[in-house]
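Me: I would like to learn how to read a chain feature by feature. Could we go through one together?

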Amino acid sequence: ELGDAPLELPSGRRLSVVDVPGHERFVRTMVAGASGIDMFLLCVAADDGVMPQTREHLAVLRQLGVERGVVAITKADASEPEAAAAEVAELLPGTEAVAVSALASRGLGELLAALDRVAASLPGRAAAPGPTRLHIDRSFTLKGIGTVVTGTLWAGAVAPGDVLRLLPAGREVRVRSVEVHDRSIPAASAGQRVALALAGTSWREVQRGDVLCAPATELS
């Protein structure tokens, strides 16, 4: 399953990080997690270099129109990172690569600074026009809450009490509550990682890839 967590950058900018699987068997899960993101953090191990899944993930990002990001050359304590960095430079010219080691606490500050620079150069989705649209990547149930769906809000805004249309089923559902990284908020805007508690549907009736949108929205 996808994982997500907040990340605060040195400037105070707050990102939502979506952790997607790298294995070739889970490409569909990766695509679901990458939908709605604005930038990438690509990890390439110094002792492995660019793997087939790395190229696969980059192809997905290109199809989704995600062009900006940072590369972390991981395990820099276990192997010289120069060879992996040269592969990355050939594959992603102009993209900043930072050698890091979680074990040795090396390069983490530089990595955060690089992410900050890229994030500051992007317009973001919050001010983008368009009706509410959320591509669902998880659906589950919680005791006392009911049906919960997660995803990265592609466009628009969503707040408790909103009535949305679930596609392709076509049924209307009501938003009971909105959370961003386990914190209840009065409204979420585009670009945020959200968890919505829904009334009007069972979690088993919602599949990965389904879409929540404003009732009058026409999607093909």
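Me: How many Å apart are the mean positions of the positive and negative charges of the chain?

Reply: Happy to start there. Lys and Arg count as positive and Asp and Glu as negative, with His and the chain ends not counted; each charge is placed at NZ of Lys, CZ of Arg, CG of Asp or CD of Glu. Here the 22 positive and 26 negative charges have mean positions 7 Å apart. This is a predicted model, where local features need pLDDT of at least 70, side-chain atom pairs count only at pLDDT 80 or more, and totals for chains, interfaces and linings use all residues. Residues are numbered from 1 along each chain as its sequence is written, and side-chain values use heavy atoms, leaving out hydrogens and water.

Me: What share of the residues of the chain count as buried?

Reply: Buried means under 20% relative accessible area, exposed over 50%, and partly exposed in between (1.4 Å probe, protein chains only). Of the 220 residues, 41% are buried. Met 51, at 35% relative accessibility, counts as partly exposed.

Me: Where is Met 51 placed?

Reply: Helices (H or I, at least four residues) and strands (E, at least two) are DSSP runs, numbered from the N terminus. Met 51 sits in the loop between β3 (40-45) and α2 (52-64). From Met 51 to Pro 131 there are 80 residues in sequence and 38 Å in space, C-alpha to C-alpha.

Me: What does the secondary structure of the chain come to?

Reply: The chain has 4 helices and 15 strands. Its C-alpha trace spans about 55 × 35 × 35 Å along the principal axes.
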